[in-house]
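This report covers selected secondary-structure elements and how they are arranged. The structure is shown first.

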Amino acid sequence: MKLSKVLLFIVALTTILSVIGCGAAAPAAPAEAPKEEAKAEAQPASSDKKTYEDLVVGYAQIGAESEWRTANTASIKEEAEKLGVELKFSDAQQKQENQIKAIRSFIAQQVDVIGVSPVVETGWETVFQEAKDAGIPVILVDRRAAVPEDLYATYLGSDFVEEGRRAGEAMDKVLEGKGKIVELVGTVGSAPANDRAKGFREYIADKPDMEIIASQSGDFTRAKGKEVMEAFLKSYGKDINALYAHNDDMAIGAIQAIEEYGLKPGEDIKIVSVDAVRGAFEAMIAGKLNCTVECNPLLGPQFYELALKVVNGEEVAKWVPSEEGVYYPEEAEALLPERKY
Amino acid sequence: MKPTTSLLKDLRHHSLFWPVVALLLIMLFNLLFTPGFFRLEIKDGHLFGSLVDILNRGAPLMLLAIGMTMVIATAGVDLSVGAIIAIAGAAAAVLINPALGRELVTSDKLIEDVTQTPLWLVILIPLIAATVCGLWNGILVSRANIQPMVATLVLMVAGRGIAQLITNGQIITIYYSPYFYIGGGYLFGLPFSLYIVAAVFLFAWYISRKTSVGLFVESVGTNASSSFYSGINEKNVKLLAYIFCGFCAGIAGLLISSNVKSADANNAGLWSELDAILAVVIGGTLMSGGRFSLVGSILGALIIQSMTTTIYAFGVPPEVVLVVKALVVLAVVLLYSELVKVSMDKLFEQKGVQP
């Protein structure tokens, strides 16, 4: 009896561990050996300036918590392969301690530059200082860390407030400056939700005819987005001229609610959302979404460009906003095949 | 005078009294403060309005609550129902459109209104998967004697991982229209999901009230070892309760994925185990097991859902939604407490004596 209990518990534990393990099966970059040789040959030729071929980058990724992050990881890896950069990639499974361990191992391996998306904002001083002492620059990607500015080389990431402002501008365009707007907020308290709300309000502050009549959290999910939109429609009905959703998934949920209510999304109720995922492009092609503001996860190209500059001692800004676009239905059909996420 | 007082007292002591009062209070609030809340109209040949929303949105929660009631009545708890929802939804979506992984299929192929698997399999396989999940929980609890909370925690954590493996971490959009009927269709003017809830409820009610199974469950929940010595196979009773709970969660998963036309392994049914437990508790079933009330749990689920819909309709700012919810729940749960019961008895009896 006792033995069977123990056995079952072990089975249970192995199940958990194996599942967690499978989710993160993204080990360090494969096939490093041949490149190592190539590097050894190339080094004497290029005396001071490094090129992509002899750049060694350590990247401490957060994990794989969302589609956005998966696309982000894919972009970092693909671009390294394309440019011939030697990438040492680590997946931290959403744990800061794993990221710190990874950074320490990068320091020990004496990489040229370390990229990191800090999973939380605080607690990075010590390990960043270690990197600095070892002469290895740190580039923050997509998320900030609360450390003194001299501990990192630069920050590459989205400006959520700017996304909000762009959404406001797009809304102004599709509504022609006039209308009642309902807002689907992201997860309460998250940086993108706070900032996207702020930027949007900043833009429409001086548009007296644009008014937010209701605002409620849809937790960035389709199901909640649909549920909240249903309630909005019951309360305000045909008074709603437009919807501003903090991400595409909530907008997609809301589109279903609007259709079930018997109105035409994209016509009776204009919709602007943020992220520019594939689903949004599909909705735009179907004429159900009026605009999506990009929040770009494909940071690979920009990241390596920055990394090379930093390593070669060139001047870079402390904050490099990622390159992001605003997309309207007219261009959706042409762009959809290129969307990677 | 006396008969009325005792009638009042009987009423107050009826197990369903407070859930009904709570529900009525929420509806009263809406009657006063939310214009148009009770408006019902016919659109596209079916009923339409906030009340229908509550029933439709509440359907998955009602199903969870039915299953959870059985588990809680055996003095257990099932934390994994949210994960099972995700697994069932993910399985259905992948069966319909096995566009797996990072290989991006061209959009026109993705959005075809076809399924790769016959519809009955799309429904059956996720339900079997969910039932197996329930079986797993049941074995851990009844055979390995692991504490229910710990045993089901295993699947609560691992289940989302499994769902993510199935969908490869992507949100899968479903374009196959017959599948939408389960969670979004209407039959005789009412949401189809309600008929599913009714069927499951009737089944659970019949089994637990018209056969001796209900008695077994209550007896196991009250005292498992004495049930064992009275000849009840308490292990199998527990096992069946968890299997049934998993099955209910599987149906809920199908409803949810069908309604939002997509499967989201990360967020589908997130925290719904807590809502389900709350619904059961509001419905008057004790966490310590024993006597249970299926009707109470349904009422509990309706209370939670009408509260949510009310909050959206009334326009509570998103930052304080959780606080408002917590206060309402606190108020409802307080109504159950011994303190309130005793003071209410005093209040009413004094009045009864005076004239």
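The text below treats a sheet in chain A and then a helix in chain B of this predicted model.

**Sheet in chain A**

Six strands of chain A form an open sheet in the order S7-S6-S8-S9-S10-S12, and the pairing is mixed. S7 and S12 (326-327) of chain A are the edge strands, each pairing on one side only. In general, strands of a sheet pair through backbone hydrogen bonds, in either the parallel or the antiparallel sense.

Two of the pairings are set out here.

| Strand pair (chain A) | Residues | Sense | Bridges | A facing pair |
|---|---|---|---|---|
| S6 and S7 | 179-185 and 210-217 | parallel | seven | A:Lys180 and A:Glu211 |
| S9 and S10 | 270-275 and 291-294 | parallel | four | A:Val272 and A:Cys291 |

The strands S6(A) and S7(A) also belong to a β-α-β unit, which is right-handed and includes helix H7 (residues 191-204) of chain A. The edge strand S7(A) is thus joined to S6(A) by seven bridges.

**Helix H14 of chain B**

Helix H14 of chain B covers residues 294-314. With 21 residues at 1.5 Å a residue, H14(B) should span 30 Å, and the end C-alpha atoms are 30 Å apart, so the two values agree. Directly after H14(B) comes B:Gly315, with a positive phi of about 85 degrees.

Note on methods. Residues are numbered from 1 along each chain as its sequence is written. Chains are lettered from A and ligands numbered from 1 in the order in which they are written. This is a predicted model: local features need pLDDT of at least 70, side-chain atom pairs count only at pLDDT 80 or more; totals for chains, interfaces and linings use all residues. Helices (H or I, at least four residues) and strands (E, at least two) are DSSP runs, numbered from the N terminus. The expected span of a helix is 1.5 Å times one less than its number of residues. Two strands pair if DSSP finds at least two bridges between them. A crossover is right-handed if, with the strands pointing away from the viewer, the path from the first strand over the helix to the second runs clockwise.
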